[in-house]
Amino acid sequence: MAFSHHSLLIFALCILYVESADPSAQLCNENSNTTTPEITKNIDSLLTKLVQATSQSGYSATSFGTGQTQVFGLAQCRGDVPSKDCSTCIQTAAKEIKTICPNRVDARLWYEYCFIRYNTKKFFGQVDTGYGMIYSNVENVTDPETFNRALGALMYRINTIAAGPASKGIGTGETKLSDFVTLYGLSQCTRDLSPFSCRRCLEIANGETFCDNKKGCRVIYSSCYVRYELYPFFFPLDDQKLALESSLRTTHYSSVVKKP
Ligand SMILES: *[C@@H]1O[C@H](CO)[C@@H](O)[C@H](O)[C@H]1NC(C)=O
Ligand SMILES: *[C@@H]1O[C@H](CO)[C@@H](O)[C@H](O)[C@H]1NC(C)=O
């Protein structure tokens, strides 16, 4: 494990997780500088650029301004999300991030469908697993040995896809645990990462002990994201999968914040 229990701050033992418009996680880095009027102006322009580019291609990493007031930004949608939903998500995120983090130069905001981040320091290409948010299903699996073997194999397979050059950072897959039970997984890296860095990030995420033996879990980092569930959750979702999702989806998750 990459971090000790001392760095964990359990603030909600059991929350009602709703896949709604609410952010999944947010970070207004207290250790970062406060904004100045010039930086705030550049952040506004940066966000406009990010929304425009990300709505079109699902990803953007860019900067605005020069010198001390230059700001760097990255925005990315979950790679399976339809472009209309991506666009809606990133517009909301760009609007909310300034309200949520009004005065910090290092701000990050995660939704289920998209992620947005800016900083006056250039962060592109760096693996960042320091801050994290983890949601785990409160229920334990009944047969950990079989489950973990299947989960490990699935994650290995989809991590390889996610880190591959043609996949735009995302890997999805499923594996049958029995005639009636299927395990679904999704791995994603921000697209500024190299294949090596992507794989490293995903492996650290897969090692989060808060997920151990849980029926479902999602690990949210600044550089990558992993999620697995015993119901379908990623697109494309046909009618059959939607029916399965609504019948099997649980709303009871525990959450934990991992701090650097
Ligand atoms: C704060 O700003 C100063 C001057 O621009 C810079 O040298 C320093 O690295 C910044 N600190 C952080 C934590 O970003
Ligand atoms: C799941 O397993 C953990 C560790 O063995 C245990 O502490 C916890 O009570 C279990 N949770 C449920 C809902 O059974």
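The paragraphs below move from the helices to the strands, then to the loops and the ligands.

This is a predicted model, in which local features need pLDDT of at least 70 and side-chain atom pairs count only at pLDDT 80 or more, while totals for chains, interfaces and linings use all residues. Residues are numbered from 1 along each chain as its sequence is written, chains are lettered from A and ligands numbered from 1 in the order in which they are written, and side-chain values use heavy atoms, with hydrogens and water left out.

Helices and strands are DSSP runs numbered from the N terminus (helices: H or I, at least four residues; strands: E, at least two). Helix 2 covers residues 83-100. Its 18 residues should span 26 Å at 1.5 Å a residue, and its end C-alpha atoms are 25 Å apart, which agrees. The expected span is 1.5 Å times one less than the number of residues in the helix. The buried residues of helix 2 are C86, S87, C89, I90, A93, A94 and I97. Here, buried means under 20% relative accessible area, exposed means over 50%, and partly exposed lies in between (1.4 Å probe, protein chains only). An α-helix has 3.6 residues a turn, so residues three or four places apart point the same way. The buried residues of helix 2 pack against helix 1 (37-57), strand 4 (71-77), strand 5 (107-110) and strand 6 (114-119).

Helix 1 also contains L47, which counts as buried because its relative accessibility is 4%. If residues up to four places away in sequence are left aside, L47 touches A94, I97, K98, I116 and Y118; contact here means heavy atoms within 4.5 Å. The C-alpha atoms of L47 and K122 are separated by 16 Å, and these residues are 75 residues apart along the chain.

Strand 4 has a partner in strand 3 (residues 59-64): the two run antiparallel and are joined by six bridges. Strands are said to pair if DSSP finds at least two bridges between them. Within this pairing, Y59 stands opposite Q76 in strand 4. Strand 3 and strand 4 form a hairpin with six residues between them, and G65 in the turn has a positive phi of about 90°.

Another set of pairings involves strand 11 (residues 224-229), where six of its six residues are buried. In a regular strand the side chains alternate between the two faces of the sheet. In strand 11, C224, V226 and Y228 point one way, while Y225, R227 and E229 point the other way, and all are buried. Strand 9 (residues 182-189) runs antiparallel to strand 11 and is joined to it by six bridges. Strand 10 (residues 217-221) also pairs with strand 11 in the antiparallel sense, over four bridges. V226 in strand 11 has S187 opposite it, and V219 likewise stands opposite V226. A hairpin through two residues joins strand 10 to strand 11.

The loops hold several individual features. The loop between helix 4 (195-206) and strand 10 includes E208, which counts as buried because its relative accessibility is 0%. The side chain of E208 makes a polar contact with the side chain of K258, at 3.4 Å. A polar contact is a pair of N or O atoms within 3.5 Å; within protein, one must be able to donate a hydrogen and the other to accept it, and residues adjacent in sequence count only if both atoms are side-chain atoms. N213 is found in the loop between helix 4 and strand 10; although N213 is not a glycine, it has a positive phi of about 60°. At 30% relative accessibility, N213 counts as partly exposed. K168, in the loop between helix 3 (144-163) and strand 8 (170-176), is not a glycine and has a positive phi of about 55°. K168 counts as exposed, at 54% relative accessibility. The peptide bond from F235 to P236 is cis, with omega near 0°, and P236 lies in the loop between strand 11 and helix 5 (239-248).

Two ligands remain to be described. The residues around ligand 1 are N31, N33, Q68 and K121, a residue being near a molecule if one of its heavy atoms lies within 4 Å of it. A polar side-chain atom of N33 lies 2.2 Å from an oxygen atom of ligand 1, and one of Q68 lies 2.5 Å from an oxygen atom of ligand 1. The protein covers 46% of the 360 Å² of accessible area that ligand 1 has on its own. Such areas come from the Shrake-Rupley method with a 1.4 Å probe; for residues, only the protein chains shown count as cover. Ligand 2 is surrounded by V138, N140 and K214, and a polar side-chain atom of N140 lies 2.4 Å from an oxygen atom of ligand 2. Of the 370 Å² of accessible area that ligand 2 has on its own, the protein covers 24%.
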